[in-house]
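Okay, everyone, let's get started.

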Amino acid sequence: MQPNQLLQRHDSCLWSYKQIAAYCLIGVILLTVQSLHAANGKLEVTFFDVGQGDAILVTCPDGNHHMLIDSGDTRYPDSSKHFRAFLNAAFTNKPHHLDVVVASHEHADHIGSMQWVLTNYQVNTYVDNGDTADTTMFANLLTERRKQERAGKLNYIKGNENSFSEVDFCPDVKMEIFLPWATVPSLSDQNDRSVAVRLDFKTNSFLFVGDIEGEAEQVMLNQFTDKQRALLDVDVLKVGHHGSDTSSREGFIMAVSPQIAVISCGKKGTGTNERYKHPRLSTMRHFDDWFKNNPPTVKATAAKIPAYDADTGAWKQQTRPSGMWLTVKDGTVTVTSDGKELKVNTVPTPN
Ligand SMILES: [Zn+2]
């Protein structure tokens, strides 16, 4: 070896040490930021922008417990890619561990990446509505879920075995699930059979209703006892069925009385939303009426949103209701609660 080669090698060695030190420093900063973040004492609910589908990550005030509700689609452009990148980014420098995973129902825009979640994350408790589907996607998910159950890695909760149950999630946050379908087994529509999830953190509450539509809304309004119906009354609503006009009837919105409503839906004329045409104009108007009569404390930036008018068969530009956020407009939407006050942050999705 020539001396200059030795020098070069020595230099490159030194540079590697510098690089290692730099990476360590970045790692420490990230860990510090994360530990600060972990100790912030706030409940965080993040609605990932997965286009036409749902995917919601909940992080507990202790920063150590996480729940996922649904996992995006496989058919909508980039839904899987974005979902997996969002979830992995949320777990940078953290064990890939989810305390609870809820599959609201077995449609592809809700369980798109669920098998991937089960194979790439350690999942403690898995909740679904107890239904099955005749699809390869569902069959593969079922095989993986059963395999993990048999190995004693995963606790499975079959939602429809009880109309109402409490699920152990994390300290300070109460988690309840309920299924109108378990109350009225004749509810035949798969959307109506979605698992509803309610979270309470001190004085703030959240309701996630999957794709529940008008019939299940009626069951909740008319067949629940007063105490059960009180579960609907929350601060933050994950709007049913991507803002479809088959959900969010006026009576249901009044019972929920949200301060914040979030719609997760795809772009006009894009992928599966070319057919579904979400959100619907009439739904936006129902929420607009609600928020005009009940002005929210946190307001969304004024904007026009394309909404489909089923009466005329045309898309229209509708002013966004003041308490409504939409993934199609805002990108990823995070609602934070300190137990008393709610805040909303948005991060646009890069094209
Ligand atoms: Zn859906």
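So, the open sheet: seven strands, in the order β7-β8-β9-β10-β11-β12-β15, and the pairing is mixed. At the edges sit β7, residues 164-170, and β15, residues 324-326, each pairing on one side only. From one strand to the next the twist averages 20°. Keep in mind that this is a predicted model.

Let's zoom in on one pair. β8, residues 173-178, and β9, residues 196-201, run antiparallel, with six bridges joining them.

Now the backbone. As a reminder, most residues other than glycine have a negative phi, and most peptide bonds are trans. We've got exceptions to look at.

Start with D172, in the loop between β7 and β8. Its phi is positive, near 75°, and this isn't a glycine.

Next up is S257, in the loop that runs between α9 (250-256) and β12 (260-263). Again not a glycine, and again a positive phi, about 45° here. S257 has 13 C-beta neighbours inside 10 Å, so it counts as partly exposed; exposed would mean 12 or fewer.

Last one: which residues does the cis peptide bond join? H278 and P279, with omega at about -5°. You'll find P279 in the loop between α10, residues 273-276, and α11, residues 281-293.

That's my tour; over to you.

Notes
Residues are numbered from 1 along each chain as its sequence is written. This is a predicted model: local features need pLDDT of at least 70, side-chain atom pairs count only at pLDDT 80 or more; totals for chains, interfaces and linings use all residues. Two strands pair if DSSP finds at least two bridges between them. Helices (H or I, at least four residues) and strands (E, at least two) are DSSP runs, numbered from the N terminus. Axes are lines fitted to C-alpha atoms, for helices over the stretch in contact, and angles run from 0 to 180 degrees between N-to-C directions. A residue is buried if 20 or more other C-beta atoms lie within 10 Å of its own, exposed if 12 or fewer, and partly exposed in between; C-beta atoms are placed from the backbone.
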